[in-house]
Amino acid sequence: MELLSGADMIARFLKDEGVEHIYGYPGGAALHIYDALFRQDSVKHILVRHEQAATHAADGYARATGKPGVVLVTSGPGATNAVTGIATAYMDSIPMVVLCGQVMSHLIGEDAFQETDIVGVTRPVVKHSFSIKHPSEIPEVLKKAFYLAATGRPGPVLVDIPKDMTSPTERYEYVYPKKVKIRSYNPVTRGHTGQIKKAVDMMLKARRPVFYTGGGIITGRASEALTDLVQRLGFPITTTLMGIGGFPQGDRCSLGWLGMHGSYEANMAMHHADLIIAIGARFDDRVTNNTSKFCPTAKIVHVDIDPSSISKTVRADVPIVGAAGSVIDEMISLLQDREPASPDALAEWWKTIDGWRAEREGKLYEPSKPGEALKPQEVIEAVYRATRGEAFVTTDVGQHQMFAAQYYKFAKPNRFITSGGLGTMGFGFPAAMGVKLNFPQDDVVCFTGEGSFQMMMQELSTCKQFDVGVKIVNLNNQSLGMVRQWQDLNYKSRHAHSYMESLPDFAKLIEAYGFTAIKVTTFDELEPALERAFADTHELVFLDIYVDPFEHVYPMQVPPGLHA
Amino acid sequence: MRHIISILLENEPGALSRVVGLFSQRNFNIETLNVAPTEDPSLSRLTVTTVGDDRVIEQITKHLNKLIDVVKLVDLTEGNHIERELMLVKVKALGASRDEVKRTADIFRAQVVDVTPSVYTVQITGDAGKLDAFVQAMAPIGILEVARTGVSGIARGDKLLSL
């Protein structure tokens, strides 16, 4: 039996749980915990420069590895600064555990210095939260937090820890709980076999089927199984933004992604389908647009681990609650016992789809001519070539995010790391740090814009302290591109506050931190700059690439004038 | 359509706020809410009446079930059930209307539970419709104050909401 203080229990628990990195920022209410971290060397603490960055870095780590990211912040402003990152993780179902310092128990409710009801503030954006009431419950509560964060539909879990719970003078028995049980929480894994059979019957009879898959394939580690299933059936497949990488984009069956900025053939195929097999996707408004006109002729099979995602916006004909991987495996084994559909059955459908493909054949943008500004799309394509399509890619939010999703062709899951649901500007750079710290030998590229980058650029200092060699590709169009695009389309080009006037000289700024920055303004400069940037994977390089500010993201499925 | 949803909830701090927060966060509506501990001190029973079409009610029950603190729930309106609400009403009881209050209370099988020279406090139980009718009947005489508990309910017969 071992007696430990609450703070030491936290440090020890993190070690026993196998946590390697935590991202955080100290402050009064968290000081006992920081002292405990100081006195051990199993868990490495990454000191960020703003708590929001801690959550995004932990989030990037979680998206790349599938394991929960861990954050430690202090009470009050430390905790409230973390809220945006918690909400970002919540919207994209990312496993995360956030440990928050809190004022002493006897001060709670008295508006004490640096007190916030952070459990209340975060309630709508966490999977669950805990307040520690006694130091002895720390190991079990932490185990529950990790268990909840990583199982079922993953999500962030917050643990509020009043300072007196971590007092160094009070010691209690510590045992690492290998397992915990929560009586009200039994996430479904296997789907209902009867329902899966029904779905397989429909798949074999379908003449115009489409797979529509989302982030559930990535978080559920089901991309191999999905690829097998799709290739067996020879059905077309479209993924959501969050589902990118769940199926190789170069495959003939891949129609690319769907929705507002998705491909023409993906959206046309969804509209004309007779069967949609949705797996780990949630029919969100950026995909469906007007739900009453969405997929008018299709029967819908919807597989999701979260029952509340099914029939939330679009009614499912065959709902299947279960983990993507297990349901797909069962579909495959059922298909093996069945007479396969005739290969001709889908010939007509593929002819139609190839027709749509041919209709939009050619580039969606005009590459720059000598003397003209670079196009953001050609920059993404050049980075794709320079990294042989193998980099981890994080993005911020806006036009560059859509271009990255369109032009960097992902063949593997967990490689495209983007804030899809919440759309958080400032996400990309700290997320890239979280990835790079855990994959030091891989290239990690952050596509950003001068708007997004300025929201989290203080993290250059963190990169300096911990030698984080991310490659920052700043698509500098001197404006908030996506806002400007909407203003062009819907507000007669009245560019209200979408300009980025008085931009800094990014090269000087980066150099002030001791890093390399390369300014690129012409196509000829692009390839040599990329060669230089990717010469050493351990070096942080910032590419300030001036691109055409008038470029829009196309295709776009919202008619101008519609304020969606 | 109106639904009565009964929930067994972990008797933990913050559990109630998660349930109530869910309704406002997802734009669901609460008509009445009633919560108290059960025979098992680790569980509270919460009953909420809400209005919505089948799609909305399905979403409400799914989202409630997703809350970690919700152990079990039942939509009582899906089967035969008993619905009760308790109401305390203070009514002006002066002169001729003093008898009228008592007579009306008797008709509704309500009890006068507190008396002053000018006021009767009446206790009545029943379903929401009966309580509404009583309020209507008393209104012309002069209602001073109303306190309703919100609906509580239980399934008829052998059906149980328990662990």
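A: Chain A has a radius of gyration of 24 Å, which agrees with the value near 24 Å for a compact globule of 564 residues; this radius is taken over C-alpha atoms, and the globule rule is 2.2 Å times the number of residues to the power 0.38. The model is predicted, so that local features need pLDDT of at least 70 and side-chain atom pairs count only at pLDDT 80 or more, while totals for chains, interfaces and linings use all residues. Residues are numbered from 1 along each chain as its sequence is written, and chains are lettered from A and ligands numbered from 1 in the order in which they are written.

Along the principal axes, the C-alpha atoms of chain A fill a box of roughly 75 × 65 × 40 Å. Of its 564 residues, 53% are buried, a residue being buried if 20 or more other C-beta atoms, placed from the backbone, lie within 10 Å of its own. Chain A has 22 helices and 20 strands; these are DSSP runs, helices being H or I of at least four residues and strands E of at least two, numbered from the N terminus.

Chain A meets chain B through 15 residues in contact with 16 of chain B, where contact requires C-beta atoms, placed from the backbone, to lie within 7 Å. The side of chain A that touches chain B comprises 6 nonpolar, 5 polar and 4 charged residues; Ala, Val, Leu, Ile, Met, Phe, Trp, Tyr, Cys and Pro count as nonpolar, Asp, Glu, Lys and Arg as charged, and the others, Gly among them, as polar.

The part in question is the sheet of chain B. This open, antiparallel sheet has 4 strands in the order E2-E3-E1-E4, two strands being paired if DSSP finds at least two bridges between them. Strands E2 (32–37) and E4 (70–75) of chain B each have a single partner strand and stand at the edges, so one side of each lacks a neighbour in the sheet. From one strand to the next, the twist averages 15°; axes are lines fitted to C-alpha atoms, for helices over the stretch in contact, and angles run from 0 to 180 degrees between N-to-C directions.

Strand E1 (residues 2–10) and strand E3 (residues 43–51) of chain B are joined in the antiparallel sense by 9 bridges. Ile5(B) has Val48(B) in E3(B) as its bridge partner. Helix H1 (residues 15–25) of chain B lies across E1, E2 and E3 of chain B, at about 150° to E1(B). Helix H2 (residues 54–66) of chain B also packs on the sheet, where it touches E1, E3 and E4 of chain B and makes about 160° with the direction of E4(B).

Note on methods:
Contact = placed C-beta atoms within 7 Å. Buried ≥ 20, exposed ≤ 12 C-beta atoms within 10 Å, placed from the backbone.
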